[in-house]
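Hello,

Here is the structure I promised to pass on to you. Have a look at it first, and then read on for what turned up in it.

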Amino acid sequence: MTATPSPERLLEDLNPSQREAVTTTSGPLAIIAGAGSGKTRVISRRAAYAIEIGVIPADQILLVTFTDKAAGEMVDRMAAMGHRGVLARTFHAAALAQLRHFWPSRHDGGPLPAILDSKLRLIVPLVGRLPGGYRFTPGKDLADTIEWAKVRRIRPQRWVADGGDRAPIPADLFARLYRDYERAKAEAGLLDFEDMLVETVELLERDLEAATLVRSRKRWFSVDEYQDTNPLSERLLELWLGESRDLAVVGDPDQTIYTFTGATPDFLLGFAERHPGAPVVTLAQNYRSSPQILEFANRVVAGGGESTRGALRATHPDGPPPSVGRYADPDAELAGVVTWIRAVAAAGVALTETAVLVRVNAQLPAIEDALTRAGIGFTVRGQRFFDRREIREALALLRRVRLTEVGGALAAAFERLLVERMGLDDVAADAGHEGRERAASLELLLGIVEDLAAADSVLTIDAVLAELDRRKGAEAAASSDGVNLLTYHRAKGLEWDAVYLPALDEGLLPIRQAKEADEVAEERRLLYVGITRARRFLALSSSSRRPSRFLEELSPARSKSRRGAGEGAPRVRVLPGAPIAAVAVADESVLEALRVWRRERAKADGVPAYVVAHDTTLGEIADVRPRSLPALRRVRGMGPAKLERYGPEILAVIEGAATD
Ligand code: ATP
Ligand code: MG
């Protein structure tokens with residue numbers, strides 16, 4: 001038998017503010033603090049402390065996390081402190097468990113309906129019935145808008161009044177589609193992801209017996225990453241709480257990165273108002289990163305205007321200055337990523353303590369490829385490219401349709417297939433989060449086929465399928481322990497010794513579709529999340545003619561004028577590869593000229609504009625402004641057939657716009 005450990009041990013290595021938070025074990029509490037300040041650590045310590053001093057039994061605690069993975073880690077942390085059996089769950093998982101429990105007794109013994117795995121299954125047929133060009137709207141964007149409406153509890157009949165112009169199609173059309181979607185779902189006897197929360201909310205609102213039982217089970221709550229909560233989950237939380245006041249929330253408004261799903265930091269910032277008397281603890285010290293890394297993080301936040309809390313203060317000793325690289329082209333940048341990973345490994349960092357973060361999943365295959373060729377192991381966190389739904393669908397389509405063209409004509413036929421059958425069209429330029437992921441993966445797949453066609457003028461569909469199968473196998477096999485590859489969104493809450501942020505290009509971060517100030521601000525917060533994942537080593541780079549405006553803010557000229565050449569100013573090291581001297585300024589006139597050309601050419605050929613070129617392709621051409629056919633060929637979406645048909649005209653348009 002070991003002696004019962006003293007709860008005081010849980011406080012020993014905490015700073016005074018963290019200790020205050022941990023020892024405030026009853027009533028409402030908000031912790032609003034920057035990245036790496038120990039918020040997640042405080043949540044677990046506080047729960048352990050509350051159990052040990054007898055404030056609450058372990059089995060009456062619910063720790064709400066943002067992902068299942070974070071829930072698992074929370075359970076591990078609690079177990080490490082000697083507390084097994086503390087429940088940590090996402091809102092959805094906790095709600096689903098409650099629904100499962102109550103459903104049969106409330107529905108004549110019937111089991112809980114199946115959960116709809118993807119809204120697209122029901123939405124796609126409805127999209128096909130939309131009038132005119134709207135039938136090309138990517139289903140996923142409509143699904144995102146439905147999700148946005150549902151977490152805000154806006155029903156179809158209220159959409160026109162309350163939804164505004166948020167939908168990618170006119171409000172009245174969307175309202176009808178949303179209504180039909182709900183109907184189709186009800187007829188199929190299914191629940192979707194938000195319904196899990198909606199149904200639980202309605203159960204607890206209407207059914208006093210259920211509410212009383214639920215409230216008697218769990219009475220003490222913490223919510224991590226509360227800046228990304230939404231009105232629906234907030235309502236659920238209120239219902240779980242009932243009369244209890246034991247709710248602690250922690251978050252960082254500067255890490256709000258899920259507004260596209262209806263999330264808002266308002267609940268975090270307004271917590272003290274909604275819970276009068278609630279203490280609001282701020283944690284100013286950062287325990288994760290070197291001062292050099294925090295300097296970058298602070299400047300990214302400051303660049304967006306006022307910060308909602310003070311700058312992050314380092315507790316760690318100095319580390320190496322972050323590397324900022326500009327490369328001549330994407331291949332040079334990938335080589336730079338490999339060189340850097342080898343360099344930090346040589347400095348003693350394990351590959352598993354290294355991460356490369358990207359804006360969209362479709363950026364990953366090129367990195368996977370470069371690492372495979374360099375013999376560096378990696379793990380894709382999240383979905384692998386060939387496991388993605390649209391890629392599986394596209395491959396199935398290719399197998400079914402059996403295109404008979406060869407070479408460039410085959411690539412062109414494949415593109416038509418993607419446009420006509422999978423919605424890869426210029427609507428994607430306004431796509432929502434998943435819509436962008438989807439468009440980017442399909443474009444990447446098209447790019448692979450175009451590259452194959454460029455190398456083989458008699459390329460057949462069988463050769464394409466064989467090559468894609470080979471790559472799929474390689475991707476599945478190569479995934480092992482090693483460098484972590486994931487998106488910024490998935491990296492939330494995590495940390496590594498070394499973090500590389502490649503492709504800090506205008507169009508990727510900020511993503512092209514982010515136009516309004518609030519959208520750009522969210523992109524800025526993504527970069528802040530990315531930078532603050534790193535403990536000691538950080539690298540940022542671009543290979544675009546238009547590096548990210550955020551990278552510009554971190555450039556040496558800026559740091560000099562702000563800080564003088566003095567100590568502590570991050571030194572910028574230009575990595576191997578030809579650095580780019582001048583930064584091109586966004587040139588809308590070139591884009592406009594290209595659009596005019598496309599319109600005329602489409603009219604002359606009697607085809608829709610997207611057949612000539614996608615919006616994303618035109619945008620990239622306007623960014624890069626190629627002066628030769630080979631340079632134009634490197635633009636995504638410019639396959640051999642397009643190059644032959646339109647290349648000279650496009651070059652002439654660029655030439656003309658430049659001399660105007
Ligand atoms: P994020 O905003 O990124 O989610 P966070 O505020 O939740 O960050 P944690 O992940 O809890 O921060 O803590 C960051 C790191 O600092 C962790 O490795 C944690 O163990 C460590 N840490 C936190 N507080 C202290 C402390 N008082 N002393 C030593 N290390 C600490
Ligand atoms: Mg955290």
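Two residues are said to be in contact when heavy atoms of theirs lie within 4.5 Å. Please keep in mind that this is a predicted model.

Let's begin with Lys 150. This residue belongs to helix H6, which covers residues 139-151. Buried means under 20% relative accessible area, and Lys 150 has 6%, so it counts as buried. If you set aside the neighbours within four places in sequence, the contacts of Lys 150 are Tyr 178, Glu 182, Lys 185, Asp 192, Glu 194, Asp 195 and Leu 232.

Next, have a look at a pair of helices. H4 (residues 91-106) packs with H11 (residues 231-241) at an angle of about 55°, and the axes are 11 Å apart. Because of that angle, H4 is oblique to H11. The crossing of H4 past H11 is left-handed. On the H4 side, Phe 91, Ala 94, Ala 95 and Gln 98 take part, and they meet Ser 233, Leu 236, Leu 237 and Trp 240 of H11. Sorted by type, the residues of this contact are six nonpolar and two polar, with no charged ones.

Finally, there is helix H27, made of residues 615-624. H27 is mostly covered, with nine of its 10 residues buried. Those buried residues are Asp 615, Thr 616, Thr 617, Leu 618, Gly 619, Glu 620, Ile 621, Ala 622 and Asp 623. After H27 comes Arg 625, which has a positive phi, near 45°.

Enjoy exploring!

Best wishes

Terms used: Residues are numbered from 1 along each chain as its sequence is written. Chains are lettered from A and ligands numbered from 1 in the order in which they are written. This is a predicted model: local features need pLDDT of at least 70, side-chain atom pairs count only at pLDDT 80 or more; totals for chains, interfaces and linings use all residues. Side-chain values use heavy atoms; hydrogens and water are left out. Helices (H or I, at least four residues) and strands (E, at least two) are DSSP runs, numbered from the N terminus. Buried means under 20% relative accessible area, exposed over 50%, partly exposed in between (1.4 Å probe, protein chains only). Axes are lines fitted to C-alpha atoms, for helices over the stretch in contact, and angles run from 0 to 180 degrees between N-to-C directions. Angles under 35 degrees count as roughly parallel, over 145 as roughly antiparallel, 65 to 115 as roughly perpendicular and the rest as oblique. A crossing is left-handed if the near helix is turned anticlockwise from the far one by less than a right angle, and right-handed if clockwise. Ala, Val, Leu, Ile, Met, Phe, Trp, Tyr, Cys and Pro count as nonpolar, Asp, Glu, Lys and Arg as charged, and the others, Gly among them, as polar.
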